[in-house]
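The sequence and the structure come before the description.

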Amino acid sequence: MKFQIEQKDLYDGIQIVQKAVASKQTMPILTGIYLEAKKNKGLHLIGTDLELGIEHYIDADIKEEGSIVIPATSFTQLVRELPKEKIYFEVDKEHYQINLSCSNSEFDLKGYDPEEYPQLPEINVPENFKLATENLKKLIREVEFSTSNDETQPALTGALLNITENEIIMVSTNTYRLAFSKMKTNINFENKEEIEIILPSKTLNELSRLLEGEEVEIFVDSNYIKFKFDDITIISRLIEGKFPNYRQVMPDKYNTKLFVNKKDLQNAVKRASLIAKMDSNVLNLKTSDDKLIINSANSEQGYAHEEIKVDIEGPDQKITIDAGYLLDVLKIIDEKEVRLELIGPLNPFTLKKMDNENYIYLIMPVRSD
């Protein structure tokens with residue numbers, strides 16, 4: 001195996017696949033990056049932890065084909081520090097060792113037998129379709145922050161993806177909040193009328209980081225999903241289990257509606273949360289005389305009071321919610337104005353975009369003792 005490649009191209013390629021590399025050493029070979037030199041395709045990189053796999057092709061001058069697995073951490077650090085010049089690689093197959101030289105530097109790195117590296121799974125009898133990349137990124141961005149970290153409820157550690165020929169929906173929840181995003185689509189399925197799967201949060205994060213180009217091709221079977229775009233392929237195991245019936249907790253009516261400038265609300269909540277997080281991190285919200293009043297709990301650490309102008313339809317309301325949950329959604333909403341819908345102090349706080357029902361965000365109230 002012999003090839004030469006530009007330092008920047010190699011380092012950028014490593015950055016793409018390394019997030020899928022296993023961090024724990026249950027199988028030491030999984031802490032490495034698989035390198036395969038192919039004369040007609042260039043340098044093939046793979047990282048996987050058996051749950052998520054990322055592969056990527058880079059242009060390289062291949063002199064001799066072959067493969068090896070190199071420890072990801074030391075390889076990444078070394079390539080990062082090399083001069084931005086051409087790197088020359090040669091592999092000692094017998095000892096699974098790679099020699100690389102760049103400018104006046106030369107290094108040897110011990111690796112692993114590439115035959116022992118697990119192959120990425122095949123998608124059996126796939127359902128195949130394409131989506132506009134910007135649409136998938138938008139769906140992911142609007143829900144990924146709301147997944148749960150509770151491993152005892154695996155279905156909540158990812159996002160539900162429901163796809164029909166006319167509509168695509170993505171939902172995430174940790175039971176204290178819920179993010180729902182949908183958009184119209186036009187897909188022709190060959191094998192079924194609907195797809196409903198749960199994507200792990202790590203997969204969502206990597207898709208959000210890597211998705212580019214105009215379209216992404218998606219393959220789905222009962223256990224895995226594959227995304228192909230540009231020279232990158234992401235394969236992820238799906239989460240088993242049943243996602244909760246989210247529609248049961250989404251209110252179909254409200255008593256009061258507020259129209260508010262998003263930036264004003266975000267700034268006020270951000271300031272008030274500086275005090276709130278010193279204690280319970282909750283904020284008390286109430287409406288009065290076309291104003292939204294935001295107060296932190298009055299504690300030994302301090303007290304915050306904010307007022308912003310809003311347009312109100314309906315009776316005055318009050319509710320106590322987690323400050324962080326409200327800030328999270330305000331960071332990802334691009335609208336100039338948002339609408340808030342309230343039912344009462346014991347019912348969910350709802351945030352929506354001004355002119356449609358395509359995005360709904362719920363925060364459950366904090367009950368005071």
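This is a predicted model: local features need pLDDT of at least 70, side-chain atom pairs count only at pLDDT 80 or more; totals for chains, interfaces and linings use all residues.

**The hairpin**

Strand β8, which covers residues 97–102, runs antiparallel to strand β9, residues 105–110, and six bridges join the two. Within this pairing, L100 stands opposite F107 in β9. Two residues lie between β8 and β9 in the hairpin that they form, and in the turn S103 has a positive phi of about 55 degrees.

The largest pocket holds about 360 Å³ of space. Its lining is made up of 16 residues, of which E151, T157, P200, S201 and K202 are the closest to the centre of the pocket. Helix α4, residues 201–210, gives the most to this lining, contributing three residues.

For the second largest pocket, the space is about 310 Å³. Here too 16 residues form the lining, and H44, E55, Q119, L120 and E122 are the closest to the centre. Two or more lining residues come from each of β2 (32–38), β3 (42–48), β4 (52–58), β16 (224–229) and β17 (232–237), and the largest share, three residues, comes from β2.

The classes of the lining residues are set out below.

| Pocket | Nonpolar | Polar | Charged |
|---|---|---|---|
| Largest pocket | five nonpolar residues | six polar residues | five charged residues |
| Second largest pocket | seven nonpolar residues | three polar residues | six charged residues |

Methods. Residues are numbered from 1 along each chain as its sequence is written. Side-chain values use heavy atoms; hydrogens and water are left out. Two strands pair if DSSP finds at least two bridges between them. Helices (H or I, at least four residues) and strands (E, at least two) are DSSP runs, numbered from the N terminus. On a 1 Å grid over the protein atoms alone, a cavity is a set of points where a 1.4 Å probe fits but cannot get out, and a pocket is an open set with protein on both sides within 12 Å along at least five of seven lines; lining residues have an atom within 4 Å of a point. Grid points are joined across faces, edges and corners, and a volume is the space filled by probe spheres set on the points. Ala, Val, Leu, Ile, Met, Phe, Trp, Tyr, Cys and Pro count as nonpolar, Asp, Glu, Lys and Arg as charged, and the others, Gly among them, as polar.
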